[in-house]
Amino acid sequence: MSLEQAFYVSQIIVAVAVVVSLVFVGREIRENTLAIQRGEHNSTMEQWTVIRMAMTKNRDIAELIAFGLDEGRALDRADQLRLEQLLGEMAWAAFHIWDRTQRGIFPKGTFEFTGGALLCAMLATKGGGDWWLKAKHFGFLPDFVADVDKQLNQGDAMPLVFGWPKSSATAGSSAARATGT
């Protein structure tokens with residue numbers, strides 16, 4: 001084998017090695033991306049779990065939400081503040097799902113079927129709608145507000161409590177009231 005042929009063989013070997021290493025790097029990047037996405041899913045789940053478990057483990061919080069959103073009883077200033085802070089936490093957790101969906105970390109439609117649906121169930125109530133009318137102008141990105149309002153305007157928010165009859169506060173025009181239309 002001549003020196004020229006040995007040179008060509010070595011170039012072919014180098015080219016194959018580069019391709020193999022690029023495939024390996026691409027595979028590692030893909031696996032790393034999937035691990036990061038899984039971490040984002042887990043983080044989002046943890047945010048919602050804190051809220052859900054607060055309602056499940058503490059009857060006082062569940063009653064605050066149920067009666068405060070439905071306006072089944074008058075809330076004192078402290079309970080009104082607690083309810084507003086809880087709604088803010090729910091909206092913030094929903095925002096994270098929305099944001100991750102917008103950035104392509106979560107599949108398209110994830111917000112509408114998960115955090116958006118849960119948030120809109122709260123906002124479709126009289127108390128939730130009243131809160132949203134005021135709160136949406138402070139601390140939320142306009143695109144997020146528009147997407148929440150769009151989902152509320154569809155008028156098919158899931159019931160806050162499955163199997164429980166809708167009250168007059170949750171029936172009918174609550175979505176229109178929450179979006180200001």
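I take a polar contact to be a pair of N or O atoms within 3.5 Å, where, within protein, one must be able to donate a hydrogen and the other to accept it. I also keep in mind that this is a predicted model.

Entry 1, threonine 125. I looked up the surroundings of this side chain and found that a polar atom of it lies 2.6 Å from the backbone oxygen of methionine 122, while the backbone oxygen of leucine 69 lies 3.4 Å from a polar atom of the threonine 125 side chain. I then placed the residue in the chain: threonine 125 sits in the loop that joins helix H5 (115-123) to helix H6 (126-135). Its relative accessibility is 2%, and because buried means under 20%, I note threonine 125 as buried.

I next followed H5 to its packing with helix H7 (residues 142-153), where the axes are 10 Å apart and the angle is about 70°; since 65 to 115 degrees counts as roughly perpendicular, I record H5 and H7 as roughly perpendicular to each other. The crossing of the two helices is right-handed. On the H5 side I listed Gly116, Ala117, Leu119, Cys120 and Leu123, and on the H7 side Phe144, Val148, Gln151 and Leu152. Sorted by type, the residues of this contact are seven nonpolar and two polar, with no charged residue.

I counted eight helices and zero strands. Of the 181 residues, 31% are buried. Among contacts with a separation of 6 or more, I noted that 66% are between residues 24 or more positions apart.

Conventions:
Residues numbered from 1 in each chain as written. Predicted model: local features only at pLDDT ≥ 70, side-chain atom pairs only at ≥ 80, totals over all residues. Heavy atoms only, no water. Helix = DSSP H or I, 4+ residues; strand = E, 2+ residues; numbered from the N terminus. Buried < 20%, exposed > 50% of the residue type's maximum accessible area, 1.4 Å probe, protein only. Axes fitted to C-alpha atoms, helices over the stretch in contact; angles between N-to-C directions. Parallel < 35°, antiparallel > 145°, perpendicular 65-115°, else oblique. Left-handed = near helix turned anticlockwise from the far one by under 90°. Contact = heavy atoms within 4.5 Å. Nonpolar A, V, L, I, M, F, W, Y, C, P; charged D, E, K, R; others polar.
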